[in-house]
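Hello,

Please find the structure below, with its sequence. My notes on what was found in it follow.

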Amino acid sequence: MAVEEKPLYYLSIHEAQQLIKDRKLSPLELTRSVLDRIAAVDNKLHAYINLMADSAMAEARAAEAEITRGKWRGPMHGIPIAVKDQLDVDGAPARIRQFTQGVGDATAVRKLREAGAVMLGKLHMSSLPDADLPLPRNPWNTDHITGGSSTGSGAAVAGGLCLGSLGEDTAGSIRNPSAFCGLAGIKATYGRVSRHGLAPLSWSLDHCGPMARVVEDLAHLLNAIAGHDPKDPTSSSISQPDYTSALHKDVKGMVVGVPRDYIEECAPRTAPIVLKRVGEAIDELKSLGARVEEVKVPTLHLATIANAVIYYNEFWAAHRSAAAAVLKTGAPQRRARIYLGLLTGSADYIQAQRIRSRCRAELAQVFTRVDCLALPNQAGPAPLVKDVGPIDTLFKHVVPEYHGPFNLTGLPTLSVPCGFSENQLPIALQLVGKPFDEISVLRAGYTYQQHMKWYERRPPI
Amino acid sequence: MNKLIEDNLTAVLKREGLEAKAADLEQFSEIIELYMENLRQLHSVNLGAEELGPVFRPEWSGK
């Protein structure tokens, strides 16, 4: 049985939920295993900024009692998870908002609780107000960063410090740490997952979404958190499918578009090993039955910049009342965003919105011919901690790269591991779908994952 | 940092009643100058009659 083959804390949600449902695994035992793991290695990974061990054990005990009484709520029941500090959690301080107490659950957190998940605590994110917190380390090699800004989510999920996590993505913040830490991560279509209770970075670009070790876990997490929320004015009422319906190994007949021109434009800033691994992954999708077609999206090269312009301008607007304090004591990333937002004029913001409209129209045209796009997810493997300065991650927002265009256009985007670098650091493929068609990217990602089985490797920590 | 950019930033900070943290302008000069160059690039594209359009519609159908 899988339970005997690997530590409980490394079970996927998909594996654990089946064992819990069959009463072969107790939520209490699982939560205790994860808490022991946290005690053993988080002094090296620095993922948690607020561990809620006592309440987590109480929740696990309640889940166990409920399941014993025959009331199994579904796949998330009794599963220990943790969330990025950007999401409000009742009873927990939100450092990003500089609250000393939680103010209630974010909608996505509330939905996870209703699904029976066990809340372990809150995870580090870069650009927290108190910048002197230790930076999370990459479980594949602790000399390297996890990527951000869902820094703690990357470290915690990859290191076995929770079974899944919620992150937030404004310019790649779910996909980047997922790629660097060898995880699956998805930013669903804008409007699909409620932003209520999510501290805003940029209202029109922020996406809340799950990070996990395998694609099927993303389907379970999305099933729990997606759906209309009247508390979020941009929440969509489009009906939500059962995301586990995407979990069948088949891409036959799918058409995968490759924006070759754009990849070549970004190539001088992309490590050759990334281009190699992504090329191999696209070839695998082809060998599995997908048809691969080159596509052109002429304004894609401006989309990252437009994303940054909207990001910083909306960040400035959202954080204006706290700007004086941020400039005095805030982390360098927050201060830099304030300056860039202040330098962005209304004509710049409007031009960025016009590019957003144009880019969206071009992609809509492309998606009349293809089911998803495939392209790299990162410029290189995770850099060394010592090589990354306090604002270096901002630079990727202002040169054409792989994440921003899909925040700008709000499209569903999946990160799935596609191999390792020469020094054994993870590399990922990015799959982009039509609006509200998360199913296609999950299906393509799941098929590829099951064929290659990169998830079977575990970090050495 | 380019003098024009620095003067501009100082002016908008002053308008907002704010002050840059000491050494920030020097520390962040590279990204600020790159960003200003990007703003110029953003306006270099001919968008013809492209309108602003809705900022974002969650129900965008792709049509």
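A term to begin with: two residues are in contact if their C-beta atoms, placed from the backbone, lie within 7 Å. This is a predicted model, where local features need pLDDT of at least 70 and side-chain atom pairs count only at pLDDT 80 or more, while totals for chains, interfaces and linings use all residues. Residues are numbered from 1 along each chain as its sequence is written, and chains are lettered from A in the order in which they are written.

Chain A as a whole

Chain A has 17 helices and 13 strands; these are DSSP runs numbered from the N terminus (helices: H or I, at least four residues; strands: E, at least two). Its C-alpha atoms fill a box of roughly 60 × 55 × 45 Å along the principal axes.

Of the 461 residues of chain A, 61% count as buried. Among the contacts in chain A with a separation of 6 or more, 79% are between residues 24 or more positions apart.

The sheet

Chain A has an open sheet of 11 strands with mixed pairing, in the order β1-β3-β2-β6-β8-β7-β12-β13-β11-β9-β10. Two strands pair if DSSP finds at least two bridges between them. β1 (48–51) and β10 of chain A are the edge strands, each pairing on one side only.

Strand β9 (residues 255–258) of chain A runs parallel to strand β10 (residues 291–294) of chain A, and four bridges join them; A:Val255 stands opposite A:Arg291. β9(A) also pairs in the parallel sense with strand β11 (residues 372–376) of chain A, over two bridges, and here A:Gly257 stands opposite A:Leu373. By contrast, β7 (residues 184–187) and β8 (residues 207–212) of chain A pair in the antiparallel sense over two bridges, with A:Met211 in β8(A) as the bridge partner of A:Gly185.

Helices

α8(A) lies across β6 (164–169), β7, β8 and β12 (413–420) of chain A, at about 140° to β8(A). Angles run from 0 to 180 degrees between N-to-C directions, and axes are lines fitted to C-alpha atoms, for helices over the stretch in contact.

Helix α8 (residues 215–225) and helix α17 (residues 438–452) of chain A pack at about 150°, with axes 9 Å apart. α8(A) and α17(A) are therefore roughly antiparallel (angles over 145 degrees count as such). In this packing, A:Val215, A:Glu216, A:Leu218, A:Ala219 and A:Leu222 meet A:Glu438, A:Leu442, A:Gly445, A:Tyr446 and A:Gln449.

Helix α5 (residues 107–114) of chain A has six of its eight residues buried, so it is largely enclosed by the rest of the structure. The cover over its buried residues includes β2 (80–84), β6, β8 and α8 of chain A. A:Gly116, which follows α5(A), has a positive phi near 95°.

Between the chains

35 residues of chain B are in contact with 40 residues of chain A. On the side of chain B that touches chain A, α1 (3–15) and α3 (29–42) of chain B each supply at least two residues, and α3(B) has the largest share, nine residues.

Regards

Technical notes: Buried ≥ 20, exposed ≤ 12 C-beta atoms within 10 Å, placed from the backbone. Parallel < 35°, antiparallel > 145°, perpendicular 65-115°, else oblique.
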